[in-house]
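The notes below are meant to be read beside the coordinates. They begin with charged pairs and then turn to the sheet, the helices, the cores and the chain as a whole.

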Amino acid sequence: MDQDDELLADVVRRLAAICLALPETREEDAWVGVRWRVRQRTFAHVCQVRDGRPEGYARAAGTRGPALVLVFRAEAAEAAALGHLGPPYFRPEWWPTAAGLLLDDDTDWQEVAELLTDSYRLQAPRRLAALIDGHGPPPT
């Protein structure tokens with residue numbers, strides 16, 4: 001396992017601690033990287049960009065890599081606002097509610113927990129989202 005793979009494994013562990021604390025969430029391998037889902041809806045996806053691949057993620061994040069990118073869901077206006085902030089945020093074009101974040105040594109993991117909890121709320125059935133409403137993000 002090279003250094004980039006070790007970093008990805010560490011980030012996946014950190015993200016799993018956040019995501020799997022949310023009701024009925026499961027982690028699974030995606031076509032590239034790892035994703036977290038509630039029922040059949042993805043609310044978080046992390047992958048590694050290397051040598052400009054995967055192309056869509058590299059283009060959206062504005063990097064050829066090596067880089068770790070996290071894509072999550074947000075209200076359309078918030079996703080657009082995050083994209084306008086610039087790095088470490090970016091705006092994938094594939095959904096109006098998609099937002100992205102480049103993960104690095106300066107990543108604020110409390111902020112990541114809040115973003116992913118909000119993403120979960122948007123993707124989860126109302127009954128499940130209500131279980132976390134008012135309780136804030138899970139601990140990191």
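1. In this predicted model, the side chains of Arg-37 and Glu-28 form a salt bridge, with an N to O distance of 3.4 Å. Both partners are enclosed, since Arg-37 and Glu-28 each count as buried because the term requires under 20% relative accessible area.

2. A second pair worth checking is Arg-53 with Glu-55, whose closest N and O atoms are 3.2 Å apart in a salt bridge. Arg-53 counts as exposed because its relative accessibility, 53%, falls on the side of the limit set at over 50%, whereas Glu-55, at 46%, counts as partly exposed. Elsewhere, salt bridges with shared partners join Arg-26, Glu-28, Arg-35 and Arg-37 into one network.

3. The salt bridge between Glu-24 and Arg-39 has an N to O distance of 3.1 Å. This pair links distant parts of the chain, with Glu-24 in the loop between α1 (3–19) and β1 (25–29) and Arg-39 in the loop between β2 (34–38) and β3 (41–49), the two residues being 15 residues apart. Glu-24 has a relative accessible area of 45% and is partly exposed, and Arg-39, at 38%, is likewise partly exposed. By the rule applied here, the count of salt bridges comes to nine.

4. Which order do the strands follow in the sheet? The sheet is open and has six strands, arranged β1-β2-β3-β4-β6-β5 with antiparallel pairing. Its edges are formed by β1 and β5 (89–90), each of which pairs on one side only. Within the sheet, β4 (residues 67–73) and β6 (residues 98–103) pair in the antiparallel sense over six bridges, and the bridge partner of Val-71 in β6 is Gly-100.

5. Two helices deserve attention for their contacts with these strands. Helix α1 packs on the sheet and touches β1, β2, β3, β4 and β6, while its direction makes about 165 degrees with that of β3. Helix α4 (residues 109–123) lies across β1, β2, β3, β4, β5 and β6, and runs at about 40 degrees to β4.

6. The largest nonpolar core has 34 residues, of which Leu-15, Trp-36, Val-46, Leu-70, Leu-103, Val-112 and Leu-116 touch the most other members. At least two residues of this core come from each of α1, β2, β3, β4, α3 (76–85), β6, α4 and α5 (126–132), and α1 gives the most, with seven residues. Another core lies apart from the largest one and has twelve residues, among them Val-32, Cys-47, Ala-61 and Val-71.

7. For the chain as a whole, the model has five helices and six strands, which run α-β-β-β-α-β-α-β-β-α-α from the N terminus on. The radius of gyration is 14 Å, close to the 14 Å that the globule rule gives for 140 residues, so the protein chain is as compact as a globular protein of that length. Along the principal axes, the C-alpha atoms fill a box of roughly 40 × 35 × 25 Å.

8. Two overall values complete the note. Of the 140 residues of the protein chain, 45% count as buried. Among the contacts with a separation of 6 or more, 49% are accounted for by residues 24 or more positions apart.

Conventions:
Residues numbered from 1 in each chain as written. Predicted model: local features only at pLDDT ≥ 70, side-chain atom pairs only at ≥ 80, totals over all residues. Heavy atoms only, no water. Salt bridge = Lys/Arg side-chain N within 4 Å of Asp/Glu carboxyl O. Helix = DSSP H or I, 4+ residues; strand = E, 2+ residues; numbered from the N terminus. Buried < 20%, exposed > 50% of the residue type's maximum accessible area, 1.4 Å probe, protein only. Pairing = 2+ DSSP bridges. Contact = heavy atoms within 4.5 Å. Axes fitted to C-alpha atoms, helices over the stretch in contact; angles between N-to-C directions. Core = buried A, V, L, I, M, F, W, Y, C linked by side-chain atoms within 4.5 Å. Rg over C-alpha atoms; globule rule 2.2 N^0.38 Å.
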